[in-house]
Amino acid sequence: MRSSAARSRNRFILLMLAPATVLLAGLTLIPFVVSVGFSLTNYSLTAPNDIAFIGLGNYLALFSSSEFWNAAWITVLFTVVAVGLQLVLGVGIAALLHHETRAVSALRLIYLLPMAITPVAAVFTFRMMFNPTLGVFNYILKTMGLPAQDWLGSPTMALVSLILVDSWQWTPFILLIAAGGLAALDEEPLEAARMDGAGPMAIFFQHTLPMLFPYLAVAIVFRSIDAFKTFDIIFVLTNGGPGVATRTLNLLAYKQGIEFLSMGYAAAIAIVMLIVTIVASQLFLRRVDLFKPKAAL
Amino acid sequence: MAEMTMTSSPDRVNLRPLSPATRLARALAPWARRLILWAFAIWCLFPIYWLATMSLKRQVDAMARTPRFWFQPIWDNYLAVIKAGDIWNYFGSSLIVALATTAVALALGIPTAYVLARYRFRGNSDFGFWILSTRMTPPVAMLIPFFVLYVRTGLMDTYPGLVIAHVAINLSIVVWLMKGFFEDLPSELEEAAFMDGATYFQAFRQICLPVALPGIAAVAILSFLFSWNEFLFSLVLTNEIRTVPVGLYSFVGYQQVRWGELSASAVLMLVPVLAFVFIFQKQLVRGLTMGATK
């Protein structure tokens with residue numbers, strides 16, 4: 001038998017959850033269902049009334065097309081290299097920042113800027129700096145006696161440039177999370193290791209890094225998911241080019257859906273991306289103890 | 001206290017004599033560290049600095065084959081942009097969309113965040129995971145149905161249409177971050193309120209909400225910033241209503257070579273963002289790292 005106190009508690013919880021739940025469900029679950037539906041049809045906005053159910057036809061077409069596998073490969077390459085680079089740089093600099101005593105707040109403020117400012121504005125600036133004849137990057141390379149690069153024009157360099165810009169913007173993300181983790185770390189085991197005569201490198205890799213792992217896991221998951229669906233940087237800087245050298249899954253779906261208006265095909269790409277994201281995030285985030293409510297009322 | 005500092009200082013603990021090389025390395029280490037930290041800071045600042053200098057250059061300086069670090073600064077680019085007037089429309093649109101988005105997302109998100117943080121119930125953590133997972137959804141998966149729906153219903157190119165889309169993107173972040181702020185409050189807050197005979201809602205509304213105000217302010221700023229910076233949905237779901245990033249993107253398309261005016265527009269668009277960063281630095285760190293740092 002449930003007491004009236006329990007009932008009023010449940011009613012309160014329900015009422016508080018309802019508005020956001022209804023809206024989020026409406027704005028994310030319904031589009032998801034609609035997307036799945038679209039992906040099973042030949043729906044195109046160029047002939048919106050001529051819609052037919054084609055089963056897994058879009059998925060079969062997708063999996064047998066080289067443009068899909070090319071885009072998938074580029075997406076994975078971009079995500080892994082960019083996040084890997086950001087992780088090494090971010091953790092390294094966080095470790096240095098942790099021991100720094102002078103002007104720390106100024107440094108933190110500067111590190112915050114890349115990820116706060118409007119991406120389109122930042123990417124536009126990089127476009128000027130990447131310009132092969134007038135850009136400042138090639139000027140700097142030349143004064144250092146290095147060969148000029150065709151930053152956005154050659155297939156390999158275009159991907160490198162995108163990773164560079166993404167890392168400019170997002171290394172601070174991992175840096176700040178790692179710095180927060182370091183500040184919260186229990187110093188005692190580190191002190192003990194130091195007393196035992198361990199060198200700073202050994203302490204960092206054998207003690208600090210493992211203790212930092214829960215923080216880094218969160219950073220890696222968030223960053224990987226975001227890198228996987230990067231749009232602004234690629235769209236404004238290369239628009240998938242040259243050719244299809246930087247066309248990620250996201251760009252491919254955009255092109256098919258918004259430019260060619262093949263909603264069914266584009267929806268199939270989006271669903272594949274969604275499934276990959278959900279599986280990956282379930283695998284990693286479930287292990288990190290993020291979801292337990294701390295207070296118990 | 002004195003003992004503490006004694007033991008935590010490595011030089012005093014380590015009684016073995018140091019070789020000259022080790023001593024030199026120890027003396028230089030702080031400077032090497034500082035050098036790396038400031039080099040990274042310059043890398044972070046450089047594009048912003050470069051954008052600012054471009055906005056102050058005459059066309060001949062901006063398009064010089066050898067980039068000019070020293071030049072006669074001019075305000076003409078800013079005057080031209082302000083006189084052309086498009087930028088005020090972009091500012092207006094972005095302001096309307098970002099403010100409306102923030103208001104709606106906070107009004108809906110705060111109650112949910114509160115219950116998720118403070119009450120244990122079946123499915124709590126699954127619910128939390130679901131909320132967060134909506135943030136992980138690739139935008140195109142949402143964009144395509146939105147696009148079709150908007151084309152068919154006339155929501156295309158309207159303020160409510162864009163605000164709905166931005167709320168859909170931001171709500172999960174608002175819930176997630178507010179949950180973190182509510183979790184930081186001591187649970188005695190409500191317990192004391194219940195002792196005094198407060199209802200559940202009164203405990204939330206009259207006790208917890210006022211205490212959580214700094215957190216609410218931080219999340220509001222962040223929600224505003226995310227909406228202000230958002231590009232993809234604004235690009236696809238509007239034509240005439242151009243928000244700041246879309247406006248800048250259209251400039252890039254039409255005026256490929258007028259770097260000076262383009263840069264001036266970009267700088268003007270960054271002004272509110274930079275102001276937020278300088279004023280609310282601490283809150284932004286927590287928000288931008290998704291609550292992973294406290």
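1. Basis. The model is predicted, so that local features need pLDDT of at least 70 and side-chain atom pairs count only at pLDDT 80 or more, while totals for chains, interfaces and linings use all residues. Residues are numbered from 1 along each chain as its sequence is written, chains are lettered from A and ligands numbered from 1 in the order in which they are written, and side-chain values use heavy atoms, with hydrogens and water left out.

2. Cavities. Rolling a probe the size of a water molecule over the atoms shows where empty space is left. Here a cavity is a set of points, on a 1 Å grid over the protein atoms alone, where a 1.4 Å probe fits but cannot get out; lining residues have an atom within 4 Å of a point. Grid points are joined across faces, edges and corners, and a volume is the space filled by probe spheres set on the points. The count is four cavities of 30 Å³ or more.

3. Largest cavity. Its volume is about 860 Å³. The lining of the largest cavity has 35 residues, and A:Trp170, A:Asp226, A:Lys229, A:Asp232 and B:Arg135 lie nearest its centre. By class, this lining holds 20 nonpolar, eight polar and seven charged residues. The classes are: Ala, Val, Leu, Ile, Met, Phe, Trp, Tyr, Cys and Pro nonpolar; Asp, Glu, Lys and Arg charged; the others, Gly among them, polar.

4. Second largest cavity. A volume of about 60 Å³ is found for the second largest cavity. It is lined by 14 residues, with A:Leu134, B:Trp50, B:Met54, B:Ala62 and B:Pro67 nearest its centre. Helix H5 (119-130) of chain A, and helix H3 (20-55) and helix H4 (59-62) of chain B, each supply at least two residues of this lining. Helices (H or I, at least four residues) are DSSP runs, numbered from the N terminus. The lining divides into 10 nonpolar, one polar and three charged residues.

5. Second largest pocket. A pocket is an open set of points with protein on both sides within 12 Å along at least five of seven lines. The second largest pocket has a volume of about 530 Å³. It is lined by 24 residues, of which A:Thr79, A:Ser224, A:Ile225, A:Ala280 and A:Phe284 are the closest to its centre. Two or more lining residues come from each of helix H3 (66-99), helix H9 (200-228) and helix H12 (263-285) of chain A. The lining comprises 18 nonpolar, five polar and one charged residues.

6. Aromatic pairs. Rings of Phe, Tyr and Trp (its six-membered ring) pair if their centres lie within 6.5 Å; planes under 30 degrees apart count as stacked, over 60 as edge-to-face and the rest as tilted. Over all chains, 42 aromatic pairs are found. A:Phe38 and A:Tyr43 form a tilted pair, 4.9 Å centre to centre and 50° between the planes. Both A:Phe38 and A:Tyr43 are buried, where buried means under 20% relative accessible area, exposed over 50% and partly exposed in between (1.4 Å probe, protein chains only).

7. A pair across chain B. B:Tyr114 and B:Phe204 are also a tilted pair, with 4.6 Å between centres and 45° between planes. The pair links distant parts of the chain, as B:Tyr114 is in helix H6 (residues 86-118) and B:Phe204 in helix H11 (residues 200-211) of chain B, 90 residues apart. B:Tyr114 counts as buried because its relative accessibility is 0%, and B:Phe204 is buried at 5%.

8. Charges over rings. The criterion is NZ of Lys or CZ of Arg within 6 Å of the ring centre and within 35 degrees of the ring normal. B:Arg34 lies over the face of B:Trp31 at 4.9 Å from the ring centre. B:Lys57 lies over the face of B:Trp50 at 4.5 Å from the ring centre.

9. B:Glu190 lies in helix H10 (residues 188-195) of chain B. B:Glu190 counts as buried because its relative accessibility is 0%. Its side chain makes a polar contact with the side chain of B:Arg118 at 2.7 Å. Such a contact is a pair of N or O atoms within 3.5 Å; within protein, one must be able to donate a hydrogen and the other to accept it, and residues adjacent in sequence count only if both atoms are side-chain atoms.

10. Positive phi. A:Leu261 is not a glycine but has a positive phi of about 65°. A:Leu261 is in the loop between helix H11 (249-259) and H12 of chain A, and counts as partly exposed at 22% relative accessibility. B:Asp157, also not a glycine, has a positive phi of about 60°; its place is the loop between helix H8 (139-153) and helix H9 (159-184) of chain B.
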